[in-house]
Amino acid sequence: MAETAQALTLAVGDRVVYPNQGVCRVTSVESKEVAGQTLTFVTMKREEDGAVVMVPEAKVRSIGLRKVAGRADVERVFSFLRSDSDKANLDWKQRARTNVERMSQGGLMGLAEVVKGLQVLSELRPLPTKERELYDNARHLLVAELAASLNTAEVDAEDSVDLVLFPPGRERPKRTAEEFRSAAGDEDGIELGEDLLELGGEMELGPEGEGGSGEAEAEAEVAEPAPKAKGGAKRKAEKKAPAEKKPAAEKKAADRKAAPKKPAKAEKKAAAKPEKKPAGKPAAKKSPAKPAKRK
Amino acid sequence: MIRLVTLDAYDPKVIDRLCKMLYTAFGVGCEHAGDMPLPAGQHEPFDAQELLKALPSPRAYADDKILYLTSRKLKPRSVISGDVPCSGFTNQNGPRALVSSAAVKDPEAGLKQIARHAMHQLGHTWELHHCLDPRCAMYPPWTLNYDAGDTFFETFCRDKSEQRIRLAKS
């Protein structure tokens, strides 16, 4: 944000936002001797519950402390919330990383992005517990800062946000995974493709006659992001797998020779995680499917 | 403890059932704390915020929540992004909440709807925010089909409200 680029000078009585903590009021700026060094500390009181925090003045910038957003920032946040632009990343790892960054360094707009992103994602499928918590935290911080910025009650700030996110008289839209995929770039497509390949690899462990059609089915199922469908595909694969697990490694090797696609995929996997897997086992059966499951 | 104060005449059976529904929803006791007249100088449709401010509080403990129930209409509230249709009002983490049953012609038949709105406002008093699940009572109350929903809290909202109630000093 623009404020972080400017020098942050704090005085007693200023309202500031401590990332991930909320709106605080500066209660004192004083020098103290700590371990033989004289440091200037900014003492703040969190408005929500009165918790006191002391920050060395030199670290104020690096922790992301900023002044409460101005009217222009609020306007930008509302126009962003009104827009239909933000689609969350379907890759849960990337999404989590981005959201943590937005929460700590994104300012008011970052909070709005997290709220909007997760709200739109929830229209595709229910949020997992951690993300539901994150959504609640982001919403709480957003509402508190908006209330401080607009000088209104929190309930008014929350209603003004939700009036935009949940317009009266309009049905909650139902999203499709395609919307998210087209909004994300090519990279996501590749990552999802890898996940499909991993599951495809598992499917090939099944009885020989069902290999081709089963794989296609699994891919079709996995293309839908609903976790149940993926779980179903995996379970199917696991059910088929026991019969094939017992035969010796040569049979597997022979199968792999017969299907030229797999070694390429396996190599991809091995290249991605070289330190974990021994050279003789290019593709692990169970572990790679986990990230795909949690999406 | 939830203390229900009626600002208009209601059938005692309806109040009794409403208390039971709120008890089931929050897991804390709910009782009818009596009737109270509407403050003078205000006219229908009422400004919910002003009305709540003008209402006197009954005797209650520090962590008790007071729910005022009226059959009068409430004025839509103006916020920065537009007008919010108003079926009740409370301040986040405040001790008092106001709910209107004006949208329900027969309180006995529409008790579920009144209870859902009451749960919503009481949820705000326990610091719950609006929820993403349309089935949950904390979903924004002005949305389509909200009134047709059940008296239900989504798992996250239920856990959070229970946690807040457990943390209460009294």
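## The sheet of chain A

In this predicted model, five strands of chain A form an open sheet in the order β4-β3-β2-β1-β5, and the pairing is antiparallel. The edge strands, each of which pairs on one side only, are β4 (52-56) and β5 (66-67) of chain A. Strand β3 (residues 37-46) of chain A is joined to β4(A) by five bridges, the two strands running antiparallel, and within this part of the sheet M44(A) has V53(A), in β4(A), as its bridge partner.

Helix α5(A) lies across β1 (15-18) and β2 (22-34) of chain A, and its direction runs at about 90° to β2(A). Taken as a whole, chain A has 13 helices and five strands, and 29% of its 295 residues count as buried. Among contacts in chain A between residues at least 6 apart in sequence, 58% join residues at least 24 apart.

## The sheet of chain B

Chain B also has an open sheet of five strands, here in the order β2-β1-β3-β7-β6 and with mixed pairing. Its edge strands are β2 (30-35) and β6 (88-90) of chain B, each pairing on one side only, and neighbouring strands of this sheet are turned by 20° against each other on average, direction ignored. Strand β1 (residues 2-6) and strand β3 (residues 65-70) of chain B run parallel and are joined by five bridges, with R3(B) standing opposite I66(B) in β3(B).

## Helix α3 of chain B

Helix α3(B) packs on the sheet of chain B, where it touches β1, β3, β6 and β7 (96-100) of that chain, and its direction makes about 160° with that of β7(B). The helix has 15 residues and reaches 21 Å from its first C-alpha to its last, close to the 21 Å expected at 1.5 Å a residue.

## Helix α4 of chain B

Helix α4 (residues 155-167) of chain B has 13 residues, and the 18 Å that it reaches from its first C-alpha to its last is close to the 18 Å expected at 1.5 Å a residue. Within α4(B), the residues F156(B), C157(B), K160(B) and S161(B) are buried. They lie on the same side of α4(B) because they cover an arc of only 125° around the axis. An α-helix has 3.6 residues a turn, so residues three or four places apart point the same way.

On the other side of α4(B), T155(B), D159(B), Q163(B) and R166(B) are exposed. The cover over the buried residues of α4(B) comes from both chains, and it includes α5 (129-150) of chain A together with α1 (12-26) and α3 (111-125) of chain B.

## The contact between the chains

The contact takes 27 residues from chain A and 20 residues from chain B. On the side of chain B that touches chain A, β4 (77-79) and β5 (82-84) of chain B each supply at least two residues. The residues of that side divide into 10 nonpolar, nine polar and one charged.

Key
Residues numbered from 1 in each chain as written. Chains lettered and ligands numbered in written order. Predicted model: local features only at pLDDT ≥ 70, side-chain atom pairs only at ≥ 80, totals over all residues. Contact = placed C-beta atoms within 7 Å. Helix = DSSP H or I, 4+ residues; strand = E, 2+ residues; numbered from the N terminus. Nonpolar A, V, L, I, M, F, W, Y, C, P; charged D, E, K, R; others polar. Expected span 1.5 Å × (residues − 1). Buried ≥ 20, exposed ≤ 12 C-beta atoms within 10 Å, placed from the backbone. Arc of directions from axis to C-beta. Pairing = 2+ DSSP bridges. Axes fitted to C-alpha atoms, helices over the stretch in contact; angles between N-to-C directions.
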